[in-house]
Amino acid sequence: MRGMSLLVAAVMLTPIGMAAPAVRSQAVSTEAKYPPTTEGDFVVHNFKFKSGQSMPEVRLHYTTLGKPAHDAQGRTTNAVLILHGTGGSGHQFLAPYFANELFNPGQTLDAARYYLILVDGIGHGKSSKPSDGLRAHFPEYDYDDMVALHHVLLTDGLKVNHLRLIFGTSMGCMHSFVWGETYPDFMDALMPMACLPVQIAGRNRIWRKMVLDGIRTDPEWKNGDYTTEPAEGIRIALDFLLIAGSAPIPMQKALPTRDDADKYLDKFIHDRMSSLDANDFWYQVNASRNYDPSPNLEKITVPVMWVNSADDFINPPDLGIAEREVKRLKNGKFILIPASDQTHGHGTHTFAAVWKDHMAELLQQSAH
């Protein structure tokens, strides 16, 4: 996950791409005026994972807004798939600073016009996950599996045969690239936010491996069959999540003294120790182990609006990877949002006011 939105739900507001709630600005200019949401579950039977493992039933949870529309040939014309980051769920996109900026009447993703699909990836939210009972015997899913399962959910479960747009944050950003290569004709456009389309290596891989090793070397891990959460491993995970998802400008502004910072860290850890399941979290991070869409970027033919922020710890602009790889996209554009007191590090991907004009541009560009 070169872009990890890890636990915005647990570690912030949406996954790791975050800086914690107390440090984030909550100001939103609009109220929620979009239609009620609908939730459901779809069961995929006898799914075989890339690892060779299989499950007789995989439950996929989803939330939708609006209704699908079709053209004369029966093709779905208005469906938008919205993909969360590591540790998150579809519900994170109902936060005011996302939904109230996009889903209301007349806004970019007006729910009266579009059929919005917010999914929980396997291992996340209310979808099947290790903590349901299998624990460390749960199949070791990867990003290809997650995308394949979402494709089944759309086509067999929701009867959606085409997408107007795929929007993904962090892990969802990486899924967007996988979608574009695996099902190149299934969507009109892609908007990946907060990731890089290359193998996870360097510092990004190291901090992830530290998290994975920290959990599994905790004496209380017990091969995943623990009766109480391995606290040392969870603490290591939370420490790294906080740093990886933080943004220096708003954090310095919100925590200007040593005592402020110390109190914030203590509260952050205290409030979240009970919200992480070690098995679930280990699987979520491990799913990125073989991600690498770089060999096949030329297969992506639809318009791509790829957006990162300059204060993203996980995807630092200093690497120059985005500027290099975007040249391989046949119809791609890369936007780097400058760091400011309006950005939120990796978690900028969920604050729609910062980048929604780029989404509007992409929808106009890809209109038929």
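At what angle do helix H2 and helix H3 pack, and how far apart are their axes? In this predicted model, local features need pLDDT of at least 70, side-chain atom pairs count only at pLDDT 80 or more, and totals for chains, interfaces and linings use all residues. Residues are numbered from 1 along each chain as its sequence is written, and side-chain values use heavy atoms, with hydrogens and water left out.

Helix H2 (residues 143–157) packs against helix H3 (residues 171–182) at about 75 degrees, with the axes 10 Å apart. Helices (H or I, at least four residues) and strands (E, at least two) are DSSP runs, numbered from the N terminus. Axes are lines fitted to C-alpha atoms, for helices over the stretch in contact, and angles run from 0 to 180 degrees between N-to-C directions. H2 and H3 are therefore roughly perpendicular (65 to 115 degrees).

On the H2 side, the contact (heavy atoms within 4.5 Å) involves Tyr143, Asp144, Met146, Val147, His150, His151 and Leu154. Met171, Met174, His175, Val178 and Trp179 meet them from H3.

Eight strands form an open sheet with mixed pairing, in the order E1-E2-E4-E3-E5-E6-E7-E8. Strands pair if DSSP finds at least two bridges between them. Strand E1 (38–48) and strand E8 (332–337) stand at the edges; each has a single partner strand, so one side of each lacks a neighbour in the sheet. Neighbouring strands are turned by 20 degrees against each other on average, direction ignored.

Strand E7 (residues 304–309) runs parallel to E8, joined by six bridges. Ser309 has Ile337 in E8 as its bridge partner.

Technical notes. Angles under 35 degrees count as roughly parallel, over 145 as roughly antiparallel, 65 to 115 as roughly perpendicular and the rest as oblique.
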